[in-house]
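I opened this entry to record what I looked up, one item at a time. The structure comes first, then my notes.

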Amino acid sequence: MAAEPPNARRAFLSVLAQALGAFAAALAVIPGLGFLAHPLRKQTIHGSDSPLRVANERDVKPGRPVRVTAVGPRQDAWMRLDKVTLGSLWLVRASENGPIKSFSTVCPHLGCGIDFDDKRGKFECTCHDSTFDLDGRCLGGPSPRGLDELETRIEGRDVLVRYRRFRVGSAKREPIG
Amino acid sequence: MSAGASPSPPSSKRPASLSATARLRGWLADRVGWADLHHALAGGTVPGGASLWHTLGSVAAGLFVLEAVTGIALATVYAPAANTAWPSVFYIQDQMTMGWFVRGLHSFGSSALIIVSGLHLLQVVLFGAYRRPREVNWMVGLAMLGLVLLFAISGYLLPWDQKGYWAKVVEATITGSAPVIGGAVQQVVQGGTAFGNLTLTHAYAFHALLLPAVFTGLLALHIYLFRRHGYTPRWSLTPEQVAARAVPAWPDQAVHNAAVGGLVLAVLALWTVVHHGAPLESPADPTSSYLARPEWYALPLFQLRMYFEGPLEIVATMIIPGVATALVFALPFLDGGRSRRPGSRPGVLGAVVVGVVALGALSAISLAKDARDPAFAKARAEEKLRTESAFALARKGIPASGDPFENDPMRRSRAVWDERCAGCHSLTGTGGDKGPDLKDYNSRAWIRGFLMEPDGPLHMGPAKLDKGMRAVDGTSDELDALTEYIYAETGAADVDQARVGRGRDLLSPKDCDTCHDFDGDGENDGPNLKGRGTQKWIAAVIADAGHGLLFGDRNKMPKFASKLTPADIADMASFVYALRAQK
């Protein structure tokens with residue numbers, strides 16, 4: 001039976017069966033792909049846009065960077081967290097009574113943590129040995145840009161920082177929430 | 001051509017004029033042999049001709065694939081823990097584009113899979129396709145139907161909403177009632193002695209890992225055995241007709257399968273759109289008394305249990321379903337009929353008809369009973385309100401506890417109440433320790449009770465005021481009129497203006513105006529009653545009840561202006577104001 005020569009009717013039925021099968025597959029697969037693409041179309045994690053108190057101004061001594069954490073609200077998909085550690089940052093004061101700058105501890109190269117080397121007076125990435133000076137400029141190593149500076153201001157004695165994350169691995173500084 | 005496949009020989013003599021795609025296909029076919037795979041799945045012949053009867057197994061398999069694809073999509077978001085299950089499903093349902101559609105397809109698809117599998121089973125029974133040599137495949141198919149039900153039951157719990165939670169509580173308890181191993185099985189299924197995080201992780205691993213693995217294996221075995229035995233033609237055809245009408249399964253039967261499958265999927269998609277996806281009730285609340293009903297496929301068992309109380313319960317939950325299942329499994333060996341003709345198998349077909357009618361009748365009885373029951377309608381209406389409020393609160397972002405009701409200002413106010421107010425006031429209607437009972441505060445009944453007995457146990461009695469208000473002396477009509485007047489001051493909408501007017505005319509004759517002013521700025525012995533009971537007035541009492549416009553020197557309530565923030569006071573005022581609505 002199956003050996004009989006193909007005829008036009010069977011050819012048509014074959015195409016029809018495949019088309020109906022494709023319709024069925026599309027019904028399941030297209031919304032499924034939409035699910036996978038969800039994080040591309042919608043921001044699933046929001047940090048805080050408002051400045052967060054991270055330290056007392058007195059605690060930042062000239063030439064002695066301090067590492068502090070930014071604690072604030074975050075919306076993580078369905079969950080709203082009121083007080084969560086959003087990330088950490090280095091507070092740096094270049095000179096006595098000079099302004100305080102803050103740098104994200106996320107290395108712009110591949111996202112490792114930045115440490116401060118007391119002996120050499122330089123910031124250093126623990127993973128790939130990029131080094132940075134107290135102004136955040138890249139001195140050596142694979143990092144494509146300097147440390148990411150965060151918006152900082154002093155209110156009374158409080159150091160307030162607007163904590164952001166930036167895309168790593170590119171020369172351009174691009175905030176990602 | 002027999003069901004056994006002969007490998008296609010490598011085609012070496014191919015014309016050079018073939019297109020690039022055709023050459024690629026040929027290249028792949030030579031190496032992978034997908035023609036054989038296609039043949040293994042869809043080859044062979046259909047003796048007696050293609051038929052809609054033969055489509056059901058393929059449609060069920062197609063629905064299983066739909067469940068797998070949508071299930072994987074859902075798994076990219078779903079988080080199985082007690083504080084994340086409902087929130088993540090809420091996120092899918094409410095926040096993701098088309099999330100409700102995918103979840104709806106998955107949920108309604110499982111119902112469709114149960115229905116189509118059931119029809120497939122009935123078709124096999126009608127055609128006598130369980131008979132020699134297909135006994136093993138009959139049992140494999142039954143096991144698969146059991147797994148389909150386990151898929152549905154385990155999946156029902158995962159959203160951790162009221163209906164899923166409570167249905168599971170009942171099922172787990174029934175499991176635990178099984179002799180000997182029941183308790184241990186229940187504890188494993190629950191992941192402990194009570195419901196919690198491990199209940200969800202267990203159900204999820206079972207639903208999304210173990211069951212699919214076992215089911216896929218059985219499906220492969222089922223298809224292999226089916227291809228080995230082939231289609232069972234209609235009983236009414238003679239061997240000559242069966243041979244003469246035979247057609248190749250591809251594409252003749254395949255197009256039937258695809259057409260019915262496409263139709264089922266189209267109905268499923270339409271159903272999902274019309275219902276805007278599968279329902280998601282409010283988060284599981286173990287402290288509530290939810291009116292639990294199982295999903296439609298378990299309704300017959302639910303109703304059956306109604307007829308067996310106490311120690312006999314096990315007859316409905318274990319014995320009858322167990323014996324019925326065993327009989328169905330043994331069907332190929334119990335069927336003593338000479339041929340596949342229905343006429344020669346009256347016992348088998350009669351029993352199946354009785355069974356199907358019994359399932360339908362039990363479901364119908366249960367549905368009809370609930371439809372007539374006003375308590376059922378009330379419970380469902382209450383749950384609907386709770387669900388709407390849960391969704392509205394969840395849209396503000398769900399706290400880490402996973403309970404969207406924590407976003408409810410009333411919930412917070414209740415906590416403040418318990419801490420700050422409950423020491424003196426009661427909300428139960430049994431009387432406070434030092435202040436008025438505020439149950440149904442500001443209702444006509446509360447106000448009228450106050451006027452009749454200001455020093456009563458539900459009103460100012462517990463405060464033990466020195467020279468407090470005297471009871472109003474008047475007829476029932478006069479009390480109603482004064483009550484309506486005070487009631488109108490609270491800002492209530494449903495007031496009888498004529499009666500309010502009569503009440504106003506009584507203020508002087510009844511000596512109310514000796515102690516009270518009604519203009520909003522005169523200080524007197526008693527509180528100024530202008531706007532008494534409004535949220536603003538309640539807030540003023542909470543802030544400083546000893547103010548000259550309020551209770552003045554007689555006040556004994558602490559001043560909360562220095563203890564609570566203005567926002568808290570406003571929240572507490574709306575909490576107290578809302579007490580009237582509570583019944």
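I started with strand β5 (residues 100-104) of chain A. I found 4 of its 5 residues buried, so β5(A) is largely enclosed by the rest of the structure. I keep in mind that this is a predicted model.

Next I looked up the strands paired with β5(A). Strand β4 (residues 79-93) of chain A pairs with β5(A) in the antiparallel sense, over 5 bridges. I noted W90(A), whose bridge partner in β5(A) is F103(A). I then checked the hairpin of β4(A) and β5(A). It has 6 residues between the strands, and N97(A) takes a positive phi near 65 degrees there.

Strand β10 (residues 149-155) of chain A also runs antiparallel to β5(A), joined to it by 2 bridges. Here F103(A) comes up again: its bridge partner in β10(A) is E149(A).

**The chain as a whole**

I then stepped back to chain A. I counted 2 helices and 11 strands. I read the C-alpha box as roughly 95 × 35 × 20 Å along the principal axes.

Last, I checked burial over the chain. Buried residues make up 27% of the 177 residues in chain A.

Definitions and conventions:
Residues numbered from 1 in each chain as written. Chains lettered and ligands numbered in written order. Predicted model: local features only at pLDDT ≥ 70, side-chain atom pairs only at ≥ 80, totals over all residues. Buried ≥ 20, exposed ≤ 12 C-beta atoms within 10 Å, placed from the backbone. Pairing = 2+ DSSP bridges.
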